[in-house]
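These are my notebook entries on a single model. I record what I looked up, entry by entry.

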Amino acid sequence: MTEPLRYDQTDMLADTPYLVGIMSGTSLDGMDAVLCQFHEIDADNDEPIELLATASLPFDDELRSALLALSTPNGVSEWLAQRMTTDKSQPDFASELDVFGWASVRYAELASELVGELLRHAHVLPEEIAAIGCHGQTVRHRPEWHFSLQLLDANLLAERTGIAVVSDFRRRDMAVGGQGAPLVPAFHQAMFGQFVQDAAPWVVLNLGGVANITVLAKPATDEPADTDAAVVGFDTGPANLLLDGWCQRHTGKAYDDNGAWAKSGTVIEPLLTALLQHEFFAKPAPKSTGREAFNLAWLDDVLAQVAAANSDLTLAPADVQATLTELTAITVAQAILAELGQTDDSAHGTLLVCGGGAYNSFLLKRLAVYLPNFSIKSTDRVGLAAKWVEAAAFAWLARQTLTNQTGNLPSVTGANKAVVLGQVCF
C-alpha cells in the first residue's frame, strides 16, 4: 500500500519564516493585517514577535452593510427590503444565502488586496510567506448551539495571493466542547506571559467590538501544564460595537474619537441599571458573545422600556453614549475583580489594553475609576502596538497550525482538551 503524502510544515517554516495575520472584528470597521516573524525568547532576545509591515483597509459601504445585516438576527431581510435597487450594476440578492456567498467572495478579494499592499510595503515576495492566518468575519456565534460561522472564501484568498491560508479557527475547539472563543488568550500568554514576575496579576484587555480579558497569573510551578491552566480568559460584554453603532447613527462618524462625545454627556443611571440586567453579565465563564446578544435593536428596546418607566427622563444621544461607555468600563472592571476574588480597594496589578478601544482615552479614564490600583497601559508599552495585537494573534495561530501545535486553552474556552486549530488551504 502506498504511503500517503505528508506535508512537513516545520521545514516550510524554516524556509519561509514570515507569516501574515488578518483580523476583522465585531466593530465591522475593516480589516487589519500584519506581516511578522516569531522568535524564541532566550538570553539574547526578549522580543517574541517582529512586525515587518502593517496595513488596514476599510470595508466599502456595500460590504459593510451586508456584513452588518448578516451579523444581526433577522438583519438580512430588513436590509434587502431597504436596499431595493434598479441599478443593474448592483447584485440582485434574492436571499440570505446570496448575501453570504457574495460577501464571502468580496471579503476574500479585499483580503488579497490587503496582503498585496503588505508585501509591496515590506518588499517581500509571496513565496517567502509560510501562510496567511485569516480569522474571517464572524456573522453568527452560537456556542450554546455548538457552532460559530466565519465568512471567508479561503480558496479564493489562497489563489489570489499564491500563499497558503489557515482559517476556520473556532470550530475545532467547539468540536471538543469549547466556546470557540476567545482564542487570543493563548497568544497573550505567549507574548506577554514573560512579564509576570510576581504575585500581582497581569490582565490583558482587548477592547474590540466585544471586550474580553486574559488573566495572566504567575504559575504555581515550573511545569508547562500549570502555566496554561493559570491563564483565564473570557468575553466581558460589549465595547466598540455599541459605541461605534450609536455614534454612527447620531453623528455620522464611524467612532467616538477619544470618547469626546461620550465625555460631553452624563450617565443616565436608570438606563445603565437596565443595561446591566442583560443575562450575559451574570453568566459564569467560560463565555463568549457577539452581535447576536448586543446590538442596536437590543439597545433600542431597552431605551424604550426605560423611557416608558420614566416619563420625565431625557435620553439625549450624548448621554446615551456616556452610559454605554460606563457600561463597558463597569462590566470589564467587575469581571476582573470577580475573577481575582478582590474588591476595587484591594485589587492591584497591571492592565494591558489593546484593540481600537485602547485609543479611547475617556473609556480608559472610566476604567481607572473602577480599578484605581491598577497600572493601566497600552500593549504599545511592552513592544506590540495595540492596534495590531489581534491580527498578530492569527498569524501566531496559523504558525501553531502549521507546526502541529495546539492553539486553544481549555481553561479559557471550556474545551475538554487542547487541539490544533484551523483548516489549511494550500
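Entry 1, Thr 16. I looked up its burial and found that Thr 16 counts as buried, because its relative accessibility is 11% and buried means under 20% relative accessible area, with exposed over 50% and partly exposed in between (1.4 Å probe, protein chains only). The model is a predicted one, in which local features need pLDDT of at least 70 and side-chain atom pairs count only at pLDDT 80 or more, while totals for chains, interfaces and linings use all residues. Residues are numbered from 1 along each chain as its sequence is written, and side-chain values use heavy atoms, with hydrogens and water left out.

I placed Thr 16 in the loop between α1 (9-15) and β1 (18-23); helices (H or I, at least four residues) and strands (E, at least two) are DSSP runs, numbered from the N terminus. Leaving aside neighbours within four places in sequence, I found Thr 16 in contact with Glu 127, Glu 128, Ile 129 and Ala 130, where contact means heavy atoms within 4.5 Å. The C-alpha atoms of Thr 16 and Ala 391 are separated by 19 Å, and the two residues are 375 residues apart along the chain.

To the contact, domain 1 gives 33 residues and domain 2 gives 26 residues.

I took a nonpolar core as a set of buried Ala, Val, Leu, Ile, Met, Phe, Trp, Tyr and Cys residues joined through side-chain atoms within 4.5 Å. The largest has 67 residues, and Phe 38, Phe 187 and Leu 205 touch the most other members. Helix α15 (residues 389-402) supplies the largest share of this core, 10 residues. Both domain 1 and domain 2 contribute at least three residues each to this core. Apart from this core I found another, of 44 residues, including Leu 80, Leu 110, Val 124 and Val 139. For Phe 187, not counting residues up to four places away in sequence, I listed Phe 38, Leu 384, Val 389, Ala 392, Ala 393 and Trp 396 as touching residues.

I fitted axes as lines to C-alpha atoms, for helices over the stretch in contact, with angles from 0 to 180 degrees between N-to-C directions. Helix α9 (residues 240-251) and helix α12 (residues 296-309) cross at roughly 75°, and their axes come within 10 Å. I therefore recorded α9 as roughly perpendicular to α12, since 65 to 115 degrees counts as roughly perpendicular, under 35 as roughly parallel, over 145 as roughly antiparallel and the rest as oblique. Leu 242, Gly 245, Trp 246 and Arg 249 of α9 meet Leu 296, Trp 298, Leu 299, Asp 300 and Leu 303 of α12.

I found a cis peptide bond between Ala 181 and Pro 182, with omega about -15°; Pro 182 is in the loop between α6 (170-175) and α7 (184-192). A cis peptide bond also joins Ala 285 and Pro 286, with omega about 5°. Asn 74, a residue other than glycine, has a positive phi near 65°, and Asn 74 is exposed at 61% relative accessibility.

Definitions and conventions: Domain bounds come from an automatic or database domain assignment.
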